[in-house]
Amino acid sequence: MPGTKSKKVVEPKAETPVKAKKEKAVKTEYVYALEPLPEKQLVTTETFSEMPRHGWNSEPDVCEFIGSLIKMHGAKTVLEIGVFEGETSVKMIDALPQGGYYAGIDINDHRKHKLERSGVAVDFILGESIKVIKGMPREHFDFIFVDGDHSWANILPEFKEIERVIAKGGIIAYHDTLHIPDVSELMRYVNHYKYNVVTLNTSEGRGLSILQKL
């Protein structure tokens with residue numbers, strides 16, 4: 001991705017005042033940035049070696065939908081695997097009730113948003129998801145969103161750990177289930193393993209699957 005060129009700031013010339021046109025206010029909450037990431041050392045693993053790109057962010061419609069799911073489900077404790085810039089994280093945190101808890105795991109810290117909200121406990125954990133989840137309490141999370149290392153070598157053992165920490169009746173959501181073969185294969189696997197799986201298309205055709213144990 002090409003670097004961003006700096007813009008020269010030019011002071012405006014004095015002009016005869018004119019009546020300003022009344023413009024409709026536009027509310028902007030979060031910016032889905034297309035700018036290159038700041039230079040940081042990228043941590044990789046045996047199964048994860050991609051370079052960071054804007055495409056790692058979930059589509060805006062997915063971010064909004066994940067937040068809505070958390071509210072509809074009444075989730076109080078949520079886990080996100082693969083935080084990247086924090087676009088989805090913000091929506092997850094905003095959807096939680098007072099006294100809620102959010103945990104986000106990533107092997108790199110590329111956050112562009114402050115992950116905080118009054119009345120909600122927030123943890124950002126730097127590390128490999130499988131190792132981190134092993135240290136988490138059993139049946140602790142009401143909702144888990146997975147958007148990290150999508151290689152088969154990672155997602156299958158990771159899913160085994162996710163099963164241990166998801167609460168009874170909890171919801172697991174996977175991103176990229178339509179366009180990444182290994183994630184599609186995992187959805188077929190869990191569907192035969194007593195999970196109800198509903199897969200939705202997304203604005204970029206990447207797919208979002210919702211899992212709940214039968």
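Glu59 and Arg206 are both buried. In this predicted model, the two residues form a salt bridge, with their closest N and O atoms 3.7 Å apart. The whole structure holds eleven salt bridges, and this briefing covers some of them. Side chains of opposite charge can pair when their charged atoms come close.

**The Glu59 and Arg206 pair**
- The salt bridge between Glu59 and Arg206 joins distant parts of the chain, as 147 residues separate the two.
- Glu59 lies in the segment before α1 (60-73), and Arg206 sits in the loop between β6 (195-200) and β7 (208-213).
- Both residues also belong to a network of salt bridges that includes Asp176 and Glu204.

**The Glu163 and Lys213 pair**
- Glu163 and Lys213 meet through their side chains in a salt bridge, at 3.9 Å from N to O.
- This pair also links distant parts of the chain: Glu163 is in helix α4 (residues 152-165) and Lys213 is in strand β7, 50 residues apart.
- Glu163 has a relative accessible area of 18%, so Glu163 counts as buried, the cut-off being under 20%.

**The Glu128 and Lys131 pair**
- A salt bridge connects Glu128 with Lys131, and their closest N and O atoms are 3.8 Å apart.
- Lys131 is exposed because its relative accessibility is 59%, and exposed means over 50%.
- Glu128 has a relative accessible area of 36% and is therefore partly exposed.

Notes. Residues are numbered from 1 along each chain as its sequence is written. This is a predicted model: local features need pLDDT of at least 70, side-chain atom pairs count only at pLDDT 80 or more; totals for chains, interfaces and linings use all residues. Side-chain values use heavy atoms; hydrogens and water are left out. A salt bridge is a side-chain nitrogen of Lys or Arg within 4 Å of a carboxyl oxygen of Asp or Glu. Helices (H or I, at least four residues) and strands (E, at least two) are DSSP runs, numbered from the N terminus. Buried means under 20% relative accessible area, exposed over 50%, partly exposed in between (1.4 Å probe, protein chains only).
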